[in-house]
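Here are my notes on this model, point by point. Please keep the coordinates open while reading.

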Amino acid sequence: MNTIMRKSVLSVAGLAFAGGVFAGPVAAHANPVDAKPVAVAVQSAAPKPQGEQSHITLNDEQTANVKAIIAATKKAGLPERAAVISIATSLQESKLENLGHLGDMNDHDSLGLFQQRPSSGWGTPEQITDPEYSTTAFLKGLKQVDGWQDMPLTEAAQTVQVSAYPDAYAQWEQQATDLVAQYWNS
């Protein structure tokens, strides 16, 4: 046999051996007769929470405000993602407490669950401290943000709120997601 032919035969034999070594263990464990379809979990299209997450224990008032935000979101015909963004925003702005005027501790004239300001056109103090009204006002702003459903929560919230701390909303996404999962259908 000439050298070229011998090298070709050895190369083919080597490839066959290598293929058998790598495929053999897999093929040896396969049992096509007993093969069954496997269910695959599909994640929602919502982005995953960014960065370190914060969590607080809620009292009855805060839980009632979560439920009010969810109810207002449903009434507006918006999906769960809108409620997650709203609740995370309220967690950052007020820890889900319906804030009245806080005197020197107050940020200008910020009030309510979202620290909305009458002087910025969010509504009257009475309106802003009504959870349904303030949530609806927040959602109205959210709906004006192109692509809010697919953007990071903190970006969507910041576009509506125009906060001095634009990245602070992200830390509440997991708790907001958990709260929506817990109360959306209740």
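Are Phe114 and Phe138 buried or exposed? Phe114 is buried, and Phe138 is buried too. Buried stands for under 20% relative accessible area, exposed for over 50%, and partly exposed for what lies in between (1.4 Å probe, protein chains only).

1. Basis. This is a predicted model, in which local features need pLDDT of at least 70, side-chain atom pairs count only at pLDDT 80 or more, and totals for chains, interfaces and linings use all residues. Residues are numbered from 1 along each chain as its sequence is written, and side-chain values use heavy atoms, with hydrogens and water left out.

2. Overall make-up. The chain has 7 helices and 0 strands. Its pattern along the sequence is α-α-α-α-α-α-α. Both element types are DSSP runs numbered from the N terminus: helices are H or I with at least four residues, strands E with at least two. Of the 186 residues in the chain, 34% are buried. Take the contacts between residues at least 6 apart in sequence: 59% of them join residues at least 24 apart. Contact means heavy atoms within 4.5 Å.

3. The aromatic pair. Rings of Phe, Tyr and Trp (its six-membered ring) pair if their centres lie within 6.5 Å; planes under 30 degrees apart are stacked, over 60 edge-to-face, the rest tilted. The count by this rule is 1 aromatic pair. Phe114 and Phe138 form it, stacked, at 4.9 Å centre to centre with 10° between the planes. Phe114 lies in the loop between helix 3 (80-94) and helix 4 (125-128), and Phe138 in helix 5 (residues 131-143), so the pair ties together parts that are 24 residues apart in sequence.

4. Helix 3 against helix 5. Two packed helices are described by the angle between their axes and the distance between the axes. Here the axes come within 11 Å and cross at roughly 120°. Axes are lines fitted to C-alpha atoms, for helices over the stretch in contact; angles run from 0 to 180 degrees between N-to-C directions. Helix 3 and helix 5 are therefore oblique to each other. The cut-offs are under 35 degrees for roughly parallel, over 145 for roughly antiparallel, 65 to 115 for roughly perpendicular, and oblique for the rest. Helix 3 passes helix 5 in a right-handed crossing. A crossing is right-handed if the near helix is turned clockwise from the far one by less than a right angle, left-handed if anticlockwise. Phe138, Leu139 and Leu142 of helix 5 meet Ala82, Ile85, Ser86 and Thr89 of helix 3.

5. Helix 3 against helix 6. The axes lie 10 Å apart at an angle of about 70°. Helix 3 and helix 6 are therefore roughly perpendicular to each other. Helix 3 passes helix 6 in a right-handed crossing. Helix 3 contributes Arg81, Val84, Ile85, Ala88, Thr89 and Glu93 to the contact, and helix 6 contributes Leu153, Ala156, Ala157 and Gln161.

6. Positive phi. Leu96 is not a glycine, yet has a positive phi of about 65°. Leu96 sits in the loop between helix 3 and helix 4. Leu96 is buried, with a relative accessible area of 0%. Val162 also has a positive phi, near 55°. Val162 belongs to the loop between helix 6 (153-161) and helix 7 (173-183). Val162 is exposed, at a relative accessible area of 64%.

7. Thr63. Thr63 is in helix 2 (residues 60-75). Thr63 is buried, with a relative accessible area of 16%. Leaving out residues up to four places away in sequence, Thr63 touches Leu58 and Tyr183.
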